[in-house]
Amino acid sequence: MAHGHKSNEKVVFVGDSRVRKKASTGPVTPPDYSAYPGKSEAFIPNFLLKEWMVGVVVLVGFLVLTISEAAPLGYPADPTNASFIPMPDWYFLFLYQFLKLQYVSKDYVVLGTVGIPGVAFGALLLAPFLDTGKERRFYRRPITSILMFMSLISVFYLTKQSWDHYEHELKITNSVPEHITREEKAREAAEEAAKAGLPAGSPPPEIPLVEAKDPTATAIIEKAKCVQCHGTDLKGNDAAGIPSFHGIGDKFSKEELVDIVTNGKDNMPSFKDTLSAEEIDQLTTWLSKQKAPAK
Amino acid sequence: MFKGVYNWIDERLDITPMWRDVADHEVPEHVNPAHHFSAFVYCFGGLTFFITVIQILSGMFLTMYFVPDIINAYKSVDFLQHKVAFGGIVRGMHHWGASLVIVMMFLHTLRVFFTGSYKAPREMNWVVGMLIFFIMLGLGFTGYLLPWDNKAYFATKVGIQIAESVPYIGTYIKELMQGGEIVGAETLTRFFAIHVFFLPGALLALLAAHFFMIRKQGISGPL
C-alpha cells in the first residue's frame, strides 16, 4: 500500500491522498504581542464581546435613524422632465461640485474628471509606496499629514458648497424635492380618505369632466393648445406641478381662473395674446364648472 | 449532542486548528476599548464589516420584491415601501446603511492613515482596502438608480455624462454602463446585475483577502 494506515487515526481513508502536514510548520501562528506591555486577550469571545458593545451603540443609532426617517422615494423617472435638478448621493457631491470649478470644466474637463481625481486617488491608493519612512506618528511625517488634511478640508468645503448651491437652486426655481412633495400628498390623500370614511390607502376618487363635450370649450382648448402641458386627458402632471382640469373649479373661483389664464402663474405662460377676452371668459366659465360631484 | 456532531465532523475534516486559529489569536491591549476608551477608533473596521453584513442581508430581502424593469421598478419599490409588512424598515436599513457604510469606511481609512498602519509590511492590505473603497462607491452609484425615480434617473444620467468625458475610452465606458443609446431599460437591468452580482462578488473576494492579510500579519503595534 502506498500510504500506510496510522492506527491512531479514527477515520481510515481508502487511498489516502491528503496533503501531509509537515512537522516543522504548524498552523498559522499569531504574531507575538508579548513585546508590548499590557493585557492582550483572545479574539473570541473576550475581545469580540467588547467590540460588540461598540457595535450595539452604533446599531441602536442606526435603527433609530431607520425608524424615524423613511427612505426617500420621489416620482417615477420621466426623461422628458426638463425642470428636475439632478443631484448625486451626498458622498459624490464633492466631485460633482469640483467639476463646476472654472479650470476643471468645459475645455479643461479632462483635468477635472481624470487628471486631478486620478492623481489624488492614485496617490491614496499607492500611499504606502510614496510614504516609505519608518515613522508612523502623523505629527512626525508632516508632508503626508498636511496633504491629507488639505484634501479633507477641500472635500468638506466642496460638499458644503454643493449642498448650499442645491438649496439655492431649489429656492430660485421655487421647487421642493419630490420625495417631500410625494410624502405630503400621500398624507393629505390619506387624511381625506379617512374623512370620507374610505379605507386607508384607497386611490383618490376619479373626478369626471363636467360637460366634457362642450363645443365652445373644446374649440378654445384646442386653440390654446392646453393639452401640450395639461395632457390629452387634461389631467395635468402631478410630478411636474401641472394641475388637472378635473375638479379645478373646487380649487379656484372664476375670477382667479381668469387671472391665471390671462396673466399666467408659476410655469404657465400668459394667454392674453393667444385668446380674446371673450374666449377667456367662455373657457373659465367652463373650467369653474369643473367640480367634484356632490357626495 | 452539539459536541457529538462537532466531533463527528472534526474527525473527518480536522476543523479544530482552523477554528482555534480564528478564535484564539491574541488581541493586544492598545486596540481594546475596554482598556483605553480612545481605542474605539480601532473598531471602525469591524463596524464597516458589520454594516456590510446588514447591507447584504437587507439587500437579499429587497430582491424578493424588486423588479428590475422600467415599468415595474418604481412600482415594486413603492409597493415594498408602503404595502409590504416591515418593507419600509428593510428598505430604510439598506438606504441609510449605504450611507453609514461609507462613513464607517471613511473613518476606518483615516484611522489607518493617521496611525501609519499602512506602512511596511502592510502595503498590500492598504491597496486591497482602497480597492474595497472603490467597490463600495461603485455599489453606491449603481444602487442609486434602482428605485427608478427622477432623482435616480437624472443623477445616473449626469454620472454617465461625466464618465463620457474621459478621453479615448469615454464613449466605450458610456456604452458599457448604459447598454444603449439612452439611460433606459438596458441601463436599469445592467446596473441591477452590477449591483447585486458583479460588485458584491468582487467585494467578498477582496474582503477575504483583507481579513486573511490582517490575520497573517496581525494588527499594527501601538504608536
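View 1. On one side of H8(B), Tyr172(B), Glu175(B) and Leu176(B) are exposed (over 50% relative accessible area, with a 1.4 Å probe and protein chains only; buried is under 20%, and partly exposed lies in between). The model is predicted: local features need pLDDT of at least 70 and side-chain atom pairs pLDDT 80 or more, while totals for chains, interfaces and linings use all residues, and side-chain values use heavy atoms, without hydrogens and water. Residues are numbered from 1 along each chain as its sequence is written, with chains lettered from A and ligands numbered from 1 in the order in which they are written. Helix H8 covers residues 170-178 of chain B, and its buried residues are Gly170(B), Met177(B) and Gln178(B). Seen down the axis of H8(B), these buried residues fall within an arc of 85°, so they line one face of the helix.

**View 2. A nonpolar surface patch on chain B.** Phe49(B), Val53(B), Ile56(B), Leu57(B), Met60(B), Leu204(B), Phe211(B) and Ile214(B) make a nonpolar surface patch of about 670 Å². Two or more residues each come from helix H3 (44-62) and helix H9 (185-217) of chain B. H3(B) gives the most, with 5 residues. Ile214(B) lies in helix H9 of chain B and, with a relative accessible area of 35%, is partly exposed.

**View 3. A patch of negative charge on chain A.** Glu184(A), Glu188(A), Glu191(A) and Glu192(A) gather on the surface in a patch of negative charge. Glu191(A) is placed in helix H6 (residues 178-195) of chain A. Glu191(A) counts as partly exposed because its relative accessibility is 49%. Patch residues have over 30% relative accessible area and no salt bridge, with like charges joined within 9 Å and nonpolar side chains (Val, Leu, Ile, Met, Phe, Trp, Tyr) within 5 Å; a salt bridge is a side-chain nitrogen of Lys or Arg within 4 Å of a carboxyl oxygen of Asp or Glu.

Methods
Areas by Shrake-Rupley, 256 points an atom, 1.4 Å probe, with all protein chains shown as cover. Lys, Arg positive; Asp, Glu negative; His and termini not counted. Charge placed at Lys NZ, Arg CZ, Asp CG, Glu CD. Helix = DSSP H or I, 4+ residues; strand = E, 2+ residues; numbered from the N terminus. Arc of directions from axis to C-beta.
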